[in-house]
Amino acid sequence: MRLPRFTKQYHLKDYKFTLVFLVLALSTLGVLVVGSARDIYQSRQIIGVIIGLVAMLVVSLMDYKWVLNFYWLIYGVAVVSLGLVLIIGQEVNGATRWINLGFTTFQPSELAKILLILFFAKFLMQHEEDLNDKWTLIRYAVLCGIPLALIIVEPNLSTTICTALVLCLLIYIGGLDYRFIIRTFLILIPVAVIFLSIAVQPNQPFLKDYQQKRILAFIEPEKYASDEAYQQNNSVMAIGSGQLTGKGLDNNTTTSVKNGNFISEPQTDFIFAIVGEELGFVGSCLVIALLLLIVIQCILIGIRAQNLAGRIICCGVGGLIGIQSFINIAVATKMIPNTGVPLPFVSYGLTSLVSLYIGIGFVLNVGLQPKKYQ
């Protein structure tokens with residue numbers, strides 16, 4: 001059988017330039033803030049933005065329905081790449097999350113998030129009529145469990161949680177029965193309470209020592225003020241010290257978190273502390289507003305998608321950006337225990353940056369094929 005062409009004849013008026021502008025504006029802010037946090041990474045971040053823009057443009061012109069014909073291959077690439085990182089991956093600080101490509105490092109779990117959104121968009125559309133069937137739900141759980149298990153053994157608990165939340169969002173968008181959702185919550189809430197009560201006990205079997213200490217530091221920050229709670233405490237002070245308009249980019253204040261080395265790797269997980277300190281309340285609100293507008297744009301494009309797969313792609317990418325943003329900012333402001341995920345389009349990290357641009361590219365393609373209303 002002959003496959004359809006991977007591109008179509010699109011109309012320029014359907015190209016969502018608003019979304020492109022929002023992403024580019026946020027990425028520009030990211031380049032400036034990364035350069036202020038660690039100037040040696042700024043040129044690499046610029047290269048990442050350029051590669052991401054090219055990838056976004058190319059992907060936005062590829063018919064997503066044609067791409068989804070290869071959904072099992074997409075799933076296979078995600079799982080194999082996650083498996084390879086455990087075999088040939090580079091270990092850093094006790095975790096094996098990266099593959100050294102010689103000229104740069106590649107983090108498969110970041111690309112896997114986008115690939116899994118594409119795979120389950122097709123899977124859920126194919127099972128639209130029997131989604132709430134017991135065997136369909138079991139298959140979904142197993143297919144989700146394989147990549148999640150590979151991520152958690154790296155170990156990378158934060159990415160596992162983030163990816164799991166996105167996968168839960170996908171099946172909700174696919175049409176999961178509300179009665180099943182309610183029953184699941186009735187089971188999960190007491191299980192989570194029991195898990196946390198055991199996790200904080202000595203010699204608990206679930207978490208690694210550093211993971212347990214991060215939870216304990218969140219519960220008793222004074223006790224761990226010079227240890228696990230140190231970075232979060234400094235992050236909150238840095239954000240507060242920025243006041244309304246901040247200290248300015250590339251400032252040389254000795255008390256700043258970057259100049260005083262009060263936070264390790266400020267260009268990644270704690271980039272929002274740099275935003276708060278150097279751009280102040282105004283800059284922090286601008287970053288949050290841009291992230292929120294990007295998520296809203298993705299949802300609006302998804303509402304007009306031709307089919308369920310397009311809707312899941314848009315809401316999945318938007319949900320991923322929203323979930324990662326919430327986790328990153330919540331950690332920097334000490335709302336949740338310390339856990340590392342990048343702030344979308346702002347944190348340094350080429351794999352994360354380019355992967356998100358690819359995701360936006362698919363959203364743009366869905367927007368190029370809007371539902372025709374009668």
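Is Tyr140 buried or exposed? At 6% relative accessibility, Tyr140 counts as buried, where buried means under 20% relative accessible area, exposed means over 50%, and partly exposed lies in between, with a 1.4 Å probe and protein chains only. Before going on, note that this is a predicted model, in which local features need pLDDT of at least 70 and side-chain atom pairs count only at pLDDT 80 or more, while totals for chains, interfaces and linings use all residues. Residues are numbered from 1 along each chain as its sequence is written, and side-chain values use heavy atoms, with hydrogens and water left out.

Rings of Phe, Tyr and Trp (its six-membered ring) pair if their centres lie within 6.5 Å, and planes under 30 degrees apart count as stacked, over 60 as edge-to-face and the rest as tilted.

Now select the whole aromatic cluster, which is formed by Tyr71, Trp72, Tyr75, Phe119, Phe120, Phe123 and Tyr140. The structure as a whole holds 15 aromatic pairs, and one of them is the stacked pair of Tyr71 and Phe119, at 5.6 Å centre to centre and 25° between the planes. Since Tyr71 lies in helix H4 (residues 71-88) and Phe119 in helix H5 (residues 108-126), that pair ties together parts that are 48 residues apart in sequence.

Select His127, which is found in the loop between H5 and H6 and counts as buried at 13% relative accessibility. Not counting residues up to four places away in sequence, His127 touches Thr136 and Arg139, a contact being heavy atoms within 4.5 Å.

**Stop three: Ile301**

Ile301 and Lys16 are 285 residues apart along the chain, yet their C-alpha atoms are separated by 8.5 Å. Ile301 itself is buried, with a relative accessible area of 5%.

Select residues 350-368, which make up helix H13: its 19 residues should span 27 Å at 1.5 Å a residue, and its end C-alpha atoms are 27 Å apart, which agrees. The expected span is 1.5 Å times one less than the number of residues. Of the 19 residues in H13, 18 are buried.

Finally, turn to the second largest pocket, which holds about 300 Å³ of space. It is lined by 14 residues, and those closest to its centre are Phe103, Thr104, Leu350, Thr351 and Val354. On a 1 Å grid over the protein atoms alone, a pocket is an open set of points with protein on both sides within 12 Å along at least five of seven lines, and lining residues have an atom within 4 Å of a point. H13 gives the most to this lining, with five residues.

Key:
Helices (H or I, at least four residues) and strands (E, at least two) are DSSP runs, numbered from the N terminus. On a 1 Å grid over the protein atoms alone, a cavity is a set of points where a 1.4 Å probe fits but cannot get out, and a pocket is an open set with protein on both sides within 12 Å along at least five of seven lines; lining residues have an atom within 4 Å of a point. Grid points are joined across faces, edges and corners, and a volume is the space filled by probe spheres set on the points.
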